Amino acid sequence: MNHYIDSTNLKMDATMKEIEALCHEAIHYHFETVCVHPYYVPFAKKLLEGSPVQICTVIGFPLGMNTKQVKVYEAIEAINEGADEIDMVINVGALKDRDYDYIKDEIEEVRDAIDGKTLKVIVETSLLTTDELAKMTEICNETFVNFIKTSTGFGSRGASVADIKTIMEYRSDVLEVKASGGIRTDEQAQTLIDMGVTRIGTSHGKELMAMEPYHDRCHICTGTCEHEEGE
């Protein structure tokens with residue numbers, strides 16, 4: 001399961017110590033990425049140097065109400081600072097106004113600005129009707145982004161099985177799915193993976209890996225390791 005995980009800390013009060021722990025855990029457990037705020041991208045890049053763990057960051061986060069130009073600027077700066085993947089929040093208000101051209105334009109402008117880097121489009125499923133989620137999935141197909149992502153983690157709920165069913169019904173064969181928000185157990189994660197999800201965004205990556213040997217291979221501690229086996 002480890003290669004499905006974007007290990008995440010997007011708290012408003014995240015500290016350097018917490019981001020350092022996040023990066024060390026990602027190296028230890030061989031997670032796919034760490035997902036951090038743009039402010040921490042250069043710091044994470046230094047910590048992850050020489051490891052296969054990629055850096056993901058968020059754009060227009062968490063409300064998505066920035067202008068297109070601001071999102072493009074954020075994305076370019078993040079890539080220049082070392083980000084490998086961009087998770088961009090859509091303008092949900094524009095979607096509800098059925099301004100689909102605006103939604104497509106902002107996605108395409110960010111996509112084109114990041115020079116082939118991975119783009120995930122956050123749609124905040126807790127705010128969408130089934131029809132709106134289906135439409136957003138179709139827009140993600142049409143704009144040739146890499147992923148549709150369910151949630152910011154700041155909405156009223158995270159990913160649900162019903163959301164994933166809708167996305168899977170309307171997605172193209174090449175559009176991947178990232179489920180995020182409220183995923184705290186390996187049972188939850190495995191259910192979503194079995195449905196076809198290829199990335200899991202979670203701030204509980206360490207807990208999901210709880211059955212993995214930990215003490216003998218601890219990359220976090222220095223000196224005497226105080227972690228228990230399987231923690």
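Pro62 lies in the loop that joins strand S3 (54-59) to helix H3 (68-81). In this predicted model, the peptide bond leading from Phe61 into Pro62 is cis, with omega near 0°.

**Backbone geometry**

- Most residues other than glycine have a negative phi, and most peptide bonds are trans.
- The bond from Phe61 to Pro62 is cis, and Pro62 is a loop residue between S3 and H3.
- Arg98, although not a glycine, has a positive phi of about 60°.
- Arg98 is placed in the loop between helix H4 (92-96) and helix H5 (100-113).

**Packing of H3 and H5**

- Two packed helices are described by the angle between their axes and the distance between the axes.
- For H3 and H5 the angle is about 25° and the axes are 9 Å apart.
- H3 and H5 are therefore roughly parallel to each other, since angles under 35 degrees count as such.
- The crossing of H3 past H5 is right-handed.
- On the H3 side, the contact is made by Lys68, Lys71, Val72, Ala75 and Ile76, and on the H5 side by Tyr102, Asp105, Glu106, Glu109, Val110 and Ala113.
- By class, the residues of this contact between H3 and H5 comprise six nonpolar, no polar and five charged.

**Packing of H1 and H2**

- Helix H1 (residues 16-29) and helix H2 (residues 41-48) have axes that come within 10 Å and cross at roughly 40°.
- That angle makes H1 oblique to H2.
- H1 and H2 form a right-handed crossing.
- The residues of H1 in the contact are Met16, Ile19, Glu20, Cys23 and Ile27, which meet Phe43, Ala44, Leu47 and Leu48 of H2.
- Eight nonpolar residues, no polar residues and one charged residue make up the contact of H1 with H2.

**The largest pocket**

- The largest pocket holds about 650 Å³ of space.
- It is lined by 29 residues, of which Thr8, Asn9, Thr202, Ser203 and His204 are the closest to its centre.
- Strand S1 (5-9), H1, strand S8 (199-202) and helix H9 (205-208) each contribute at least two residues to the lining of the largest pocket.
- H1 provides the largest share of that lining, with four residues.
- In terms of class, the lining of the largest pocket has five nonpolar, 16 polar and eight charged residues.

Key: Residues numbered from 1 in each chain as written. Predicted model: local features only at pLDDT ≥ 70, side-chain atom pairs only at ≥ 80, totals over all residues. Heavy atoms only, no water. Axes fitted to C-alpha atoms, helices over the stretch in contact; angles between N-to-C directions. Parallel < 35°, antiparallel > 145°, perpendicular 65-115°, else oblique. Left-handed = near helix turned anticlockwise from the far one by under 90°. Contact = heavy atoms within 4.5 Å. Nonpolar A, V, L, I, M, F, W, Y, C, P; charged D, E, K, R; others polar. 1 Å grid on protein atoms, 1.4 Å probe; cavity = no way out; pocket = protein on both sides within 12 Å on 5 of 7 lines; lining within 4 Å. Points joined across faces, edges and corners; volume = space filled by probe spheres on them.
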